[in-house]
Amino acid sequence: MITFWDLDDDILIIVLAYVDLKSLLSLRQTCKRMYAISQLRVVWRNTFTKQVLERGYPYPPEALLPDIDAASLELITRRAIRLATFWLSPSARPRLRQEYRIQSGTGISDIRLLPTLDHIHRGKRQLVTVSKGIWSEVTYWEFDLNVNPPALHRVTKWNPKGAIFTGFVVNKSPHSEGIVAISIECLGQQRIDILSLQQGSPGHGFELRPVRSIPTNYKPVLLQDDIIVFCDDTAETYVANWRTGDSAVLLSERDDTAEINFQYNKCLRVLFAYESVIVVRARSLDIFPIPILKRPEEEINVFHPLASHSFGWIDGVTVYPDMEPISSTHDIEYASECRLTDGGKVVGLPTHAPITIVVREENDDPWAADIHAINTWTLEPNAAFQPDNHPPFESAVHDVIADQEIPDEHVQNGTRVDSIPSILLESHLNSSLGSESEDAKITRIPYLFPPKHRLSTPCIRGQLRCPDITTGTQAGLRFGTCLWIQPRPARHVDLTNYDVHSSETQGPQSIFGGYHDEHGHNQVVVVNRMESLVGVVLSGGLRNSRVLYREWNEDEESIDVRILCVREGRDGNWTAMDYDEARGIIVLASGDGYVTLVLLA
């Protein structure tokens with residue numbers, strides 16, 4: 001009679017592909033033969049494919065690289081299953097929370113995780129912080145997650161004399177030379193510096209050094225490989241190649257007749273989507289065609305929105321493609337949200353997937369209720385869209401600008417970085433677009449406008465210094481989890497008679513309230529007397545696994561909010577946060593100089 005142990009190695013490898021992770025790790029301990037087989041790369045490639053990739057669990061894009069080793073694949077697979085278990089199990093709590101005092105007397109204004117590769121960095125994680133004292137300072141740190149508790153080590157810092165930092169983004173690509181873009185006011189001049197981490201002089205380790213400066217008073221919003229996006233606070237968005245200076249302008253509509261508070265329209269997010277660029281500002285949502293970048297000596301291309309929408313006033317937003325996980329090594333090149341072709345064209349997402357937009361809405365009325373909502377909207381793909389139907393106004397705009405004399409103050413180092421003569425374009429653009437039929441316009445827009453409302457999550461207004469909503473830092477991959485800071489209530493929140501049951505993760509400081517939304521549904525909100533970090537799994541996230549835990553209604557009007565971390569024992573507020581969804585790592589910065597590390601699984 002043939003037993004399990006009589007099977008040859010090839011058959012055992014096939015069998016192990018259908019064994020769950022717990023059983024595989026148990027078999028590893030039975031004998032030397034099973035231990036050796038369980039170390040093979042093919043075994044972990046099969047396990048990753050069956051138990052992570054096909055189920056839609058969180059994983060980093062390098063898991064699909066053809067040369068990734070077995071040890072890294074095992075690490076990624078085990079962590080992905082732990083993370084999925086955490087998010088899909090209501091009673092699970094974060095594995096670790098650790099605080100580090102990195103500033104004394106000075107708060108931290110921003111914090112960002114740098115992209116990483118598991119098979120290269122081996123448990124090390126880099127991050128940068130920005131603090132603002134008399135002068136501003138950016139500091140490069142490294143976490144060692146291989147020790148318990150994780151150790152935090154300062155690598156280097158950069159604080160040019162007299163500099164005040166006004167904006168800050170990190171590069172989403174782990175391979176780019178420029179890792180950070182910072183907008184600076186220094187000695188009466190304004191610019192954006194692209195910083196690189198370089199080997200310093202002998203005995204001095206690594207140093208942060210500028211590799212490119214862009215004279216502008218605009219603030220960086222996105223840095224991806226060699227592409228940088230920087231914006232003003234009203235209407236203009238520049239897309240540029242920071243190495244070559246090639247650039248284009250995305251020009252939102254401007255309401256010069258509005259009250260002064262409505263003219264302020266800060267850019268919050270930019271997403272390179274399918275055949276389009278989505279720009280979300282405090283009071284507007286615009287979709288633009290993919291821009292063609294022009295060399296500095298050429299006339300710059302200016303693009304107007306294909307469609308626009310407004311959520312009112314928002315102060316926090318995240319925008320991401322609701323994509324199926326990457327399913328083959330051929331698709332690994334699409335893990336970035338934007339790339340640059342040899343012809344100077346910026347390329348966005350390869351698939352026509354829905355776009356999810358999560359917004360924290362604000363109100364101009366100071367007497368508005370403390371309880372409101374974080375709303376989730378969807379931009380559905382437009383089936384009538386024709387990718388080869390280029391906007392008819394692109395060349396027309398170029399011709400209009402070419403006929404005008406551009407003042408010197410609009411040109412610096414060959415690139416226009418201040419306001420452009422948009423009023424001169426208005427009448428020509430209106431005449432060009434006005435003659436176009438509605439059917440023709442629809443074929444040029446990749447997504448259907450206006451956005452469709454999907455979900456409403458109760459929240460409160462209060463004392464909040466970090467309005468960010470984040471779905472993670474890793475470019476290209478999103479698995480539906482979302483985090484934000486729940487503030488302390490500004491005023492007393494009325495309790496209601498709803499039957500509400502707290503969970504352990506909500507902590508002893510929680511009180512509960514509720515309200516009726518505009519649809520008449522009962523909405524329950526968890527209000528903590530202390531500032532809290534909360535998280536949700538959005539409808540559609542981890543979609544292949546939700547049925548293992550409970551039925552999920554795609555049309556439900558609200559979603560469960562989990563408190564992951566409560567700020568206790570100190571005054572002040574969290575000022576910034578960042579999140580690596582694929583690895584379950586969260587970092588928070590506070591106004592009293594602390595960094596908090598949270599490991600979910």
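Contact here means heavy atoms within 4.5 Å.

Before going on, a word on what we are looking at. This is a predicted model, where local features need pLDDT of at least 70, side-chain atom pairs count only at pLDDT 80 or more, and totals for chains, interfaces and linings use all residues. Residues are numbered from 1 along each chain as its sequence is written, and side-chain values use heavy atoms, with hydrogens and water left out.

Back to Leu16. Together with Phe48, Val52 and Tyr59, Leu16 touches the most other members of the largest nonpolar core, which has 25 residues. A nonpolar core is a set of buried Ala, Val, Leu, Ile, Met, Phe, Trp, Tyr and Cys residues joined through side-chain atoms within 4.5 Å. Buried means under 20% relative accessible area, exposed over 50%, and partly exposed in between, using a 1.4 Å probe and protein chains only. At least two residues of this core come from each of helix H1 (9–16), helix H2 (21–28), helix H3 (32–37), helix H4 (41–53) and helix H5 (70–88). Helices (H or I, at least four residues) and strands (E, at least two) are DSSP runs, numbered from the N terminus. There is also a second, separate core of 22 residues, which includes Ala307, Trp377, Leu379 and Tyr447.

Now look at Gln51, in helix H4. Is Gln51 buried or exposed? It is buried, with a relative accessible area of 6%. Its side chain reaches the backbone nitrogen of Leu21 at 3.2 Å; a polar contact is a pair of N or O atoms within 3.5 Å, where within protein one must be able to donate a hydrogen and the other to accept it, and residues adjacent in sequence count only if both atoms are side-chain atoms. Beyond four places in sequence, Gln51 touches Val19, Asp20, Leu21, Tyr57 and Ile81.

Next, the strands. Strand S12 (residues 236–241) is largely enclosed by the rest of the structure, because 6 of its 6 residues are buried. Glu236, Tyr238 and Ala240 cover one side, while Thr237, Val239 and Asn241 are on the other. Two strands pair if DSSP finds at least two bridges between them. Strand S11 (residues 227–231) pairs with S12 in the antiparallel sense over 5 bridges, with Ile228 opposite Ala240, and a hairpin of 4 residues joins the two. On to strand S13 (residues 247–251): S12 and S13 also pair antiparallel, over 5 bridges, and Val239 has Ala248 as its bridge partner. The hairpin between S12 and S13 has 5 residues, and Gly245 in that turn has a positive phi of about 85°.

Elsewhere, 4 strands form an open antiparallel sheet in the order S1-S35-S34-S33. Its edge strands are S1 (96–101) and S33 (574–580), each pairing on one side only. S33 is joined to strand S34 (residues 585–590) by 6 bridges, with Asp580 partnered by Ile585.

Finally, confidence. pLDDT is the predictor's confidence in each residue, from 0 to 100. The chain's mean is 78, and 72% of its residues reach 70 or more. Over residues 327–336 the pLDDT is below 50, and it stays under 50 over residues 391–434.
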